[in-house]
Amino acid sequence: MAKIGKNKRRELLHAILKHLGLLMGSFFMVIPFLWMLSTSFKPEVEVLIWPPRLLPNDPTYLNFVELFRQAPFFRFFCNSMLVSTVSTIVILLTSLVGGFIFAKYRFPGKNFLFLLIIVTAIVPFESYVIPLYTMMVKWKWINTYQGIIAPYLVMSFGIFLLRQHISSTISNELMDAARIDGCSELRILTRIVTPLCKSSGGALGIFAFTQAWIAFMWPLLMANEKELFNMEIGLTMFQFKFSTNYSLLMAGSIISVSPMIFIFVLLRRQIIESISLTGLKG
Amino acid sequence: MQSLGLDKYSSSERSRFLFCYLMLLPILALFFLFRVFPIIKTFWMSFFDWKLVGKERPFLGLGNYLMLLSDDQFLLSMKNTFLYAGASVIICLLLSLPIAVVLAKKTKFSGFYQAIYFLPYITPLVPMAVAWKWIYDPRYGILNYILSIFGIEPIGWLIYPNIAIWALIIMNVWKNLGYNIVLLMVGLKNISPMYYEAASIDGAYGWKCFRYITLPLLKPILLYVLVTSTINAFNVFTQVYVMTLGSQAAPGRAVRVLLYDIYENGFRYFRLGYASAEAVVLTIIVITLTLIQFKFIKSEE
Amino acid sequence: MKKTVSILTLTLCLLVLMSCPVFAKTINVWTGFPELEPFYKWAGAEFSKTHPEIEVKVLSTSLREFEQKLVTSIPTGTGPEVFDVGPYIAIKLIDADLLPVNPPELDSYLKSGAWSQFAVDYVTIKGNTYGLPLMNGSRAALFYNKDMFIEAGLDPNKPPTNYEELMEAAQKLTKYDKSGKVIRSGLSLRISGGGSGLTEKFRFVLHNAGADLIVPTKNGKWKNGIDNEAGREALRYYIDALHKYKVDDPQVKHDSDAFVTETTAMFLRESWVIGEVNSKNPNLNYGVAPMPGWKRYDTLSQPWAIYMSMEGAQSKEVIEFMKFLTSTQAAPKLIELSGWIPERNFDSEPLVKEIPQYEFFVNPPAEIGYYADPVIPAFDEIQTKVADELMEAFLNKKLVDNPKELDKTVRKIAKLIDSVLKRNNAYGK
């Protein structure tokens, strides 16, 4: 009896230590968010108080009013939304079609083309922005939506992911059966393959959306006017202007962070799953 | 048709090829325009003294690359990037492994913890970099306040060159910890419980069990995490950009990383050829890392 | 549910993006100075009163983006009609035939006597004039807090006139806590951030100590001018201030922020600080004095001009707007809204009456000399790269009373400057 009690106590101690460690880690993770949130509600004078307080003494929402007066953050949000949505839709479309063709058909040059698509994924995007940029200059696509979106229309990984998915879930027999029923190849794609790609398509969609949302260097180069800034660039320029007014800056940061946090809270499970899925691309 | 050797195929096959090519055409066009062509052009430009303004662009051969070897700023940015990548990847791995092990077991609130640790990974970089700049503020920042509770003197995080790079590393660890944890948990969950049962029969518990069973079986995913995070770390730009912007910002020299140097040479001094040469170096590093990964995975299999 | 929400958000976004009003004609104005934005906006609104079909749109971005965007959009005709930019960028564009020569109307306006010969010469390149000098982008002075002077037993009406006196005063003005750490700096130096600006501030000391970053050679080229006694003296001045006399510390507040919040007693800055003080701490009792001297008593004075694009020069309205921006009507507004001093002559009496601190900037004493940035394209790169080196050197405690190390550092910087010059084919012996 005594031995069991000892074991139990040991287990309990273990559990407590474990959770203590995990909680401390969690604290480290969320403190930047809390600090940001609390500063954004402090009046400017209160920001420069030592020792700092986690909770504002005299909370005020005026920072947010000032923020929207100083910069069109709603417009930035709309731009981010627009670019990310278009990019996601086109990537889903191209990945679906590309994945389908590469998974289910044999044609001359297939391996070479597929390899080409995969190899370009290895080269980091930022390392070839220079020629991409001069190309946009030549096309006069600088400072346009199409210029900002253009490099975000295809994703090698998306084609790879859907190819894997389609070749493992859709059998050739199924396709042949559909053909006998008189389905054209295009109809097979829209009626049979597409509905079966929902799960990996969803994961890819989340991945593509975030990628376009957090894009930085490219829109920084492309967007010349406020009207085209996304959230990231908008906040960067705002930072430049108010580099030491931290209550205002934190209000801006809160506004920029909240859409992503909102999406995360809504789709937490799917997002984590999609990352672990995309993580296994090797 | 004959010259392409397509006559060995039947007409129905040929019409199917046509269907494939037609469907792939727009996709391949996009790939060619926005991926293949710029990649090749980067290599091409790196052999010229290519400027943004002005029509003269003399051929230099390997001149740009030779210049890189004696360019202090480039060498410094290489050093900083390697330090940044190496340190943040190792620290991140060492921290995430125990957390993943604990969370992969049946721990209460496991999902909650996972979400909390994962949160920084999905938040955009710019607002977080601005927030960290404020956390690092030498006079009123909360980090120095927390340290002062433990009697540590205030540190000028973004002021002193040797410290500034560590400030960036800390932020990177914070950001990517959750990503590592999620991937490692996938790896851990894929280890069949049979192994552990067998081990417990042999009397292996705790550390021993971890060392001789978990770790070897986790090796492929560990390697994967290692390589992807290293590649990720090599592409660091946004944080550096934001943190060096404005007055009272981080010293440019201390946190000069490869992409920042490329950006500055390319888009501030308009030395496109030179910046392309640097980009080629970055590409080669990343490809080498990827090849190492492939090789290891092959040998594992 | 999720679907409806996302579709709704998207439609809303599209509506917002499409709902921008359309004007018959827009004049786009770009600037690298955020503080100029209110001025341009005022000018735009004022201009629209007489030209109702015109809308003036203003964009301000940080200087480093601004220059990149300008240089790529001007050649393709997608840029602004009117912009202000530093001489090192303007000369690049002029070299590539991308900026229009002033039409006769602007040329005669420029030479009508409204500007000093120094300013006219500065925008004259190979016999042609380009753009109109809008403001003085660099004229700096010593700002000092009179209350702190009194508190430290110094005469508030006798500010330091040379760098030696400046350091002595700074020592008296610095406040330390019990452990000997600076809590209020006596002299706030620019020691971090901001790229080329740091070098520009260093040049205040360097130039008056008797040296320049680069000096012209006989064959019309350039070489570094700091590998000499004056160069070492200037660096030593910073090192001593930080580590020997401890009149400043990297961890305290700096720049105008510090001056406005009364955490520094003195610093060297341009006229816009006056505007800052007025808006943020109007009760501050402070004075403005000429730049301290050493071997020379000079002040950096950098004309900053507005230019038109090729397309802009075709439009009558754009030319009129250029003239309006530099008119006597706009000049006092420029000071009021941005704090920068107009380059053209104007009646400054009402202004000085209201804010006496402007006196030095608008009516500088006749005996001081001026210098400006050398007009070569590589100068920005040199300043930025030197800034990185300086930043590291300033924090290096080993340089205190260590002529050998100091010499090594200066040589390293000199070598860096020469290497940039060589690469740009601008180096000569």
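The structure is a predicted model in which local features need pLDDT of at least 70 and side-chain atom pairs count only at pLDDT 80 or more, whereas totals for chains, interfaces and linings use all residues. Residues are numbered from 1 along each chain as its sequence is written, chains are lettered from A and ligands numbered from 1 in the order in which they are written, and side-chain values use heavy atoms, with hydrogens and water left out.

In chain C, an open sheet is formed by six strands in the order β2-β1-β3-β15-β6-β16, with mixed pairing. Helices (H or I, at least four residues) and strands (E, at least two) are DSSP runs numbered from the N terminus, and two strands pair if DSSP finds at least two bridges between them. The edges of the sheet are β2 (54–60) and β16 (341–342) of chain C, each of which pairs on one side only. Helix α2 (residues 37–50) of chain C packs on this sheet and touches β1, β2, β3, β6 (132–136) and β15 (303–308) of chain C, contact being defined as heavy atoms within 4.5 Å. The direction of α2 makes about 175° with that of β2(C); axes are lines fitted to C-alpha atoms, for helices over the stretch in contact, and angles between N-to-C directions run from 0 to 180 degrees. Strands β1 (residues 25–31) and β3 (residues 82–85) of chain C run parallel and are joined by two bridges. The bridge partner of C:W30 in β3(C) is C:F83.

On the surface of chain A, a nonpolar patch comprises A:L37, A:F41, A:Y61, A:L62 and A:V65, which together have about 490 Å² of accessible area. Patches are made of residues with over 30% relative accessible area and no salt bridge, like charges being joined within 9 Å and nonpolar side chains (Val, Leu, Ile, Met, Phe, Trp, Tyr) within 5 Å. Accessible areas come from the Shrake-Rupley method with a 1.4 Å probe, and for residues only the protein chains shown count as cover. A:L37 lies in helix α1 (residues 2–40) of chain A and is partly exposed, with a relative accessible area of 40%. Buried means under 20% relative accessible area, exposed over 50%, and partly exposed in between (1.4 Å probe, protein chains only).

Over all chains, 41 salt bridges are counted, each being a side-chain nitrogen of Lys or Arg within 4 Å of a carboxyl oxygen of Asp or Glu. A network of salt bridges links C:R190, C:E200, C:K201, C:D255, C:R269 and C:E270. Within it, the closest N and O atoms of C:E200 and C:K201 are 3.5 Å apart, and both residues are buried. For C:D255 and C:R269 the corresponding separation is 2.9 Å. C:D255 lies in helix α11 (residues 255–260) and C:R269 in strand β12 (residues 264–270) of chain C, so this pair ties together parts that are 14 residues apart in sequence. Both C:D255 and C:R269 are buried. A further salt bridge joins C:R232 to C:E229, with the closest N and O atoms 3.5 Å apart. These two residues lie three residues apart, about one turn, in helix α10 (residues 229–244) of chain C. C:R232 is buried at 17% relative accessible area, whereas C:E229 is partly exposed at 44%.

Most residues other than glycine have a negative phi. C:K246, although not a glycine, has a positive phi of about 50°; this residue is in the loop between α10 and α11 of chain C. C:D401, also not a glycine, has a positive phi of about 45° and is exposed, with a relative accessible area of 55%.
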